[in-house]
Amino acid sequence: MMTSIHRNQLTFTTPLTRSWQDIARKFSRQQSNPAKAERVYLNTLAVLAVNFYCKCMGITTDLEESDSWDPVMQTLSDVADLQLKNLGKIECRPLSLASEIVEIPAEVWGDRIGYVAVQFSESAREATLYGFIKTVEMEEMPLSQFQTLENFLDYIHQLQPKPAIQLTQWLHHIFESGWDTVEEILGPQKTELAFNVRRASVKRGKVIELTRAGETVALVVGMKPAQPPEMDIWIEVYPTDERVYLPPSLNLMILDAEGVAVMQAQARNTKNIQLNFSGEPGEQFSVRVTLDDVSVTEAFII
């Protein structure tokens, strides 16, 4: 394997091993159409190359859960996906060394967390992971629009689940690093607004960096005992620094233990947004703050 800078782009090159080629040939032989057989062959090699890269980078994959490993899906679709465990699927699109266009069929647009371009050498003995793109808008994407693999690693790191925050520990004044008092996070003027919204027995805040969007916001979490064994919980988001209003397109979501959104609010032109709910000790939920194509998720256990 080899990592290099190619056309001002960080790339990763790996030999196409004999065992990989054997697997790709096995899948391709199941296709009666020669063009389809060639497509399955290249798709399989692209997936195996990306799978190897992910393993080198410590990213856990699950080939058998990928549609590209299902003979039926290989026949019915032009699919080259790789399942990243607990994260989602990335599409591994093959192209020749001479091509500047990455073909991404519309059928794989809806259920992917990103796309990796995989170039094959003229001898078809090596594969180079050229770049990454999070979303696509057309079936023929210029290779120049793909970002460096560093962006891919940063993106995957952001998606990695974080240890859940134990909220009941807050009642005993045990707080995780980064969760500070509302006064420290918001300052005197906004602190008064926060406490006017609701007085809590416990309330802590954290600055959320929406890096690529160039914004930061304050996430505030409050809780207090309600009718036993329930706890009242509220989630608030405030602008930071001297800003008065939140970014209009900012969204706040509450996700259940399965990752399904159960509550949602958009900032529009407001000074803060807030969501309230109740739960019992042991219940899990997550809070997701999104702005454009950037999102930050925090996991909690009551």
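**Aromatic pairs and an open sheet**

Student: How many aromatic pairs does the count come to?
Tutor: The count comes to twelve aromatic pairs, where rings of Phe, Tyr and Trp (its six-membered ring) pair if their centres lie within 6.5 Å; planes under 30 degrees apart are stacked, over 60 edge-to-face, and the rest tilted. In Phe132 and Phe152 the ring centres are 5.2 Å apart and the planes at 55°, so this pair is tilted.

Student: Where in the chain do Phe132 and Phe152 sit?
Tutor: Phe132 is in strand 7 (residues 126–133) and Phe152 in helix 4 (residues 149–159), 20 residues apart. Helices (H or I, at least four residues) and strands (E, at least two) are DSSP runs, numbered from the N terminus.

Student: Are they buried or exposed?
Tutor: Phe132 and Phe152 are buried, meaning under 20% relative accessible area with a 1.4 Å probe, protein chains only (exposed is over 50%, partly exposed in between).

Student: Good to know. What should I keep in mind about the model?
Tutor: This is a predicted model, where local features need pLDDT of at least 70 and side-chain atom pairs count only at pLDDT 80 or more, while totals for chains, interfaces and linings use all residues. Residues are numbered from 1 along each chain as its sequence is written, and side-chain values use heavy atoms, leaving out hydrogens and water.

Student: New topic: what order do the strands of the open sheet have?
Tutor: Its four strands run 10-11-12-15, with antiparallel pairing; strands pair if DSSP finds at least two bridges between them. Strand 10 (202–210) and strand 15 (273–279) are at the edges, each with a single partner strand, so one side of each has no neighbour in the sheet.

Student: What is the bridge partner of Trp234 in strand 15?
Tutor: That's Asn276.
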